[in-house]
Structures are given as C-alpha cells and as structure tokens.
Amino acid sequence: METAAKMTLDEAHLEFAKQTNGEVWKLLEKDGRSQDDDRAMVTAAFASLYHWSLVGRPVHRQRGEWLIAHVFTVLGDVQPALAYAERCMATTEAFNDQMADFDLAYAYEGLARTHALAGHADEARRYLAQARRAGDEILDPDSRTIFENDIEAGNWYGVH
C-alpha cells in the first residue's frame, strides 16, 4: 500500500502551479486540439496563475499573465488576450528589478501578437520592434535562441 505524500498548503499550491502550467503547454502543442481541449487550456492557464499568485513572486504572476494572453491569442479571443498582455506589461514594469531579461522581451512579444490579432498593425509592429530589441539584450545564448525561435513561430495575423 502506497503512503500519500504529505505537503504543506504552500507546497501543494506550488505543485499545482507547475502542473497546470505544464498542462497548458501540452495542450498548446497538441495537434488537432478539440474545443474541450481549448476550454481545458484556458482553465489550466487561469489555475496556474491562481496558484502562482498564492506562492510565487511577481515574476511568476507576470509569466502567468503572459501565458493567459498567449492562450487567448492562440484561440483568437481578442479582448482577454489584450487585457492580459497589458496586465503582463504592467507587472513587468512595476517589478522590473525582479524580472529576467527575457521577461521584458516576452511582455513586448505578447503585446505585439495580441495587437496583431486585434488588427492594430501599427501598434503590433511597434511592440514587435521593442520585443526584438529586448530579445537582443537577453544575455544567455540559449534563452535568446528560444526567444528568437518563439518570435518567429506562431500566427502573426498578417503583421509579422
């Protein structure tokens, strides 16, 4: 008989934050996602942010807000995508000293992509240029390469 692991409430929130974040990424990468998968992806993104907000730092909240914006952008849902991209940038600016160099680049990428989805081509191009400049400032070569690959991937809704 297996004994259940005991953990504190904070440890449980941390575990759930990580698990739900991972679930979002599995669903984002899934071929032939169904509408049920899309709903599960949105729910998991919000759940991840909720759990991170209880045990994480502002950088975790910023990344959770980016992920929600990204999910809604992938799903083509403009209003929440823009709202969460803007929240992500506000968190990035408010806690800039706590962010990794790639967090600023992704915050700009999120704004660029969501404005592209919304049909705001000028804003999308402006934020995309800022994302590229911030991406050039990422010190770790592996992180910079990941960002560069991410910015080239996905739907840019005719702007990229």
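# Pockets, a cavity and selected residues

Q: What is the volume of the largest pocket, and which helix gives the most to its lining?
A: In this predicted model, the largest pocket has a volume of about 420 Å³. Its lining consists of 18 residues, and Trp 25, Arg 63, Trp 66, Phe 102 and Tyr 106 lie nearest its centre. Two or more lining residues come from each of helix 1 (9–28), helix 2 (35–55), helix 3 (58–75), helix 5 (101–118) and helix 7 (141–152). With 6 residues, the element that gives the most to this lining is helix 3.

Q: Which helix gives the most to the lining of the second largest pocket?
A: The second largest pocket, with a volume of about 350 Å³, is lined by 15 residues, and His 70, Val 74, Arg 113, Ala 153 and Gly 154 lie nearest its centre. By class, this lining has 7 nonpolar, 4 polar and 4 charged residues. At least two lining residues are supplied by each of helix 1, helix 3 and helix 5. The one that gives the most, with 4 residues, is helix 3.

Q: Which elements give two or more residues to the lining of the largest cavity?
A: The structure holds 1 cavity of 30 Å³ or more, and the largest cavity has a volume of about 30 Å³. Its lining is made up of Trp 66, Ala 69, His 70, Thr 73, Glu 109, Gly 110, Arg 113 and Thr 114. The elements that give two or more of these residues are helix 3 and helix 5.

Q: How many nonpolar, polar and charged residues line the largest cavity?
A: Glycine counts as polar, and Gly 110 is among the lining residues of the largest cavity. By class, the lining has 2 nonpolar, 4 polar and 2 charged residues.

Q: How far apart are the end C-alpha atoms of helix 2?
A: Helix 2 has 21 residues, so at 1.5 Å a residue it should span 30 Å.

Q: Which helices do the buried residues of helix 2 pack against?
A: The buried residues of helix 2 include Met 41, Val 42, Leu 49 and Trp 52. Asp 37, Asp 38, Ser 48 and His 51 are also among them. The buried residues of this helix pack against helix 1, helix 3 and helix 4 (78–94).

Q: Which residue caps the N-terminal end of helix 2?
A: At this end, a side-chain oxygen lies 3.3 Å from the backbone nitrogen of Asp 36. The residue that carries this oxygen, and caps the helix, is Ser 34.

Q: Is Tyr 108 buried or exposed?
A: Tyr 108 lies in helix 5 and touches Met 89, Tyr 127, Gln 130, Ala 131 and Ala 134, not counting residues up to four places away in sequence. Tyr 108 and Tyr 127 are 19 residues apart in sequence, but their C-alpha atoms are 5.5 Å apart in space. The relative accessibility of Tyr 108 is 16%, and the cut-off is under 20%, so Tyr 108 counts as buried.

Q: What is the phi of Tyr 157?
A: Tyr 157 lies in the segment after helix 7 and is partly exposed, with a relative accessible area of 28%. Most residues other than glycine have a negative phi. Tyr 157 has a positive value, with a phi near 50°.

Conventions. Residues are numbered from 1 along each chain as its sequence is written. This is a predicted model: local features need pLDDT of at least 70, side-chain atom pairs count only at pLDDT 80 or more; totals for chains, interfaces and linings use all residues. Side-chain values use heavy atoms; hydrogens and water are left out. On a 1 Å grid over the protein atoms alone, a cavity is a set of points where a 1.4 Å probe fits but cannot get out, and a pocket is an open set with protein on both sides within 12 Å along at least five of seven lines; lining residues have an atom within 4 Å of a point. Grid points are joined across faces, edges and corners, and a volume is the space filled by probe spheres set on the points. The expected span of a helix is 1.5 Å times one less than its number of residues. Buried means under 20% relative accessible area, exposed over 50%, partly exposed in between (1.4 Å probe, protein chains only). Contact means heavy atoms within 4.5 Å. A polar contact is a pair of N or O atoms within 3.5 Å; within protein, one must be able to donate a hydrogen and the other to accept it, and residues adjacent in sequence count only if both atoms are side-chain atoms.
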